[in-house]
Amino acid sequence: MATTLPLHRPLALPVRRQAADDRARAPWGWALAGLLAGALPALVVFAPAHWLTTAIAQATGQQVLLTDPRGTVWTGSAQVVLTGGSASQDRAALPGRLQWRLRPAWSGLQAELNADCCTRSPLRLQAKAHTGGMRFVLDDSQSEWPAAVLSGLGTPWNTLQPQGQLVLQTRALQADWAAGRLVLGGEARLDALAMASRLSTLRPMGSYRLTVQGGDSVTLTLQTLQGDLQLSGSGLWVGQRLRFTGEASAAPEREGALSNLLNIIGRRNGARSLISLG
């Protein structure tokens, strides 16, 4: 007669215990996942403003600093300080504060910038990603900036110590960055009005216009609007290099008052000073 042996299930108890342990741990796991899911969006939304200021300082080689930041990356303010770089002691701050507002947009980012001292209406900038690069588009704008802030950038501005008003106008200005190459479109016009310098007792010396025209070749044109110091020149932006030639001269009766400045601007050639960059 065949003998029926009892069936033994040695693994049943450990399996039941494992299942119970899993059920006990499950609420904690879900709680941790929920905490992370809630914290990450909050971290993005409330990211502190100093994250943005640190990124800008690194991107500009410490030449543009946003100090005393307040608010968040998305909506905040700071004071703008221009410097000669990380090793420079030169620095100059814009009066008032700069406010910004950043918002995600389709395939990119939208920004509004408003400077207490210098913008009558916000500057609006769009950054859009495209195949192989980024495109930055600035809405047509006009803003006014104190020329004295340029002295913070170090040589040669710290020697010239310019004074006057800079009026910047842009039309259809955009920049495309792709494959390591920057292509500029549109136009920017900078009027330097009633300019003066610590190197001359003549105040003002004159008013000037620098026009940057984008396209396949980016061109620069410098002209005198009025004044005893005459400036003229033209240039071409080739790759990442600027090549510019021009000259400065003084009205005959003002040559003595402008002599020191002419020696600094370029290579002296009689009554003229020759300017060459690149």
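Which residues does Val-137 touch, not counting residues up to four places away in sequence? They are Arg-124, Leu-125, Gln-126, Leu-173 and Gln-174, where a contact means heavy atoms within 4.5 Å. Val-137 has its place in strand β7, residues 133–138, and although Arg-124 is 13 residues away from Val-137 in sequence, the two are 8.4 Å apart in space, C-alpha to C-alpha.

This is a predicted model, in which local features need pLDDT of at least 70 and side-chain atom pairs count only at pLDDT 80 or more, while totals for chains, interfaces and linings use all residues. Residues are numbered from 1 along each chain as its sequence is written, and side-chain values use heavy atoms, with hydrogens and water left out.

The protein chain has 4 helices and 16 strands; helices (H or I, at least four residues) and strands (E, at least two) are DSSP runs, numbered from the N terminus. Of the 278 residues in the chain, 30% are buried, that is, under 20% relative accessible area with a 1.4 Å probe, counting protein chains only.

Leaving aside neighbours within four places in sequence, the contacts of Leu-229 include Met-205, Tyr-208, Leu-258, Leu-261 and Leu-262.

Helix α4 deserves a separate look. Its buried residues are Leu-258, Leu-261 and Leu-262, and, seen down the axis of α4, they fall within an arc of 110 degrees, so they line one face of the helix; the arc is that of the directions from the helix axis to the C-beta atoms. An α-helix has 3.6 residues a turn, so residues three or four places apart point the same way. What covers the buried residues of α4 includes α3 (157–160), β13, β14, β15 (267–269) and β16 (272–277).

The protein chain exposes about 17300 Å², of which carbon and sulfur atoms supply 59%, with areas computed by the Shrake-Rupley method with a 1.4 Å probe.

Notes
Buried < 20%, exposed > 50% of the residue type's maximum accessible area, 1.4 Å probe, protein only.
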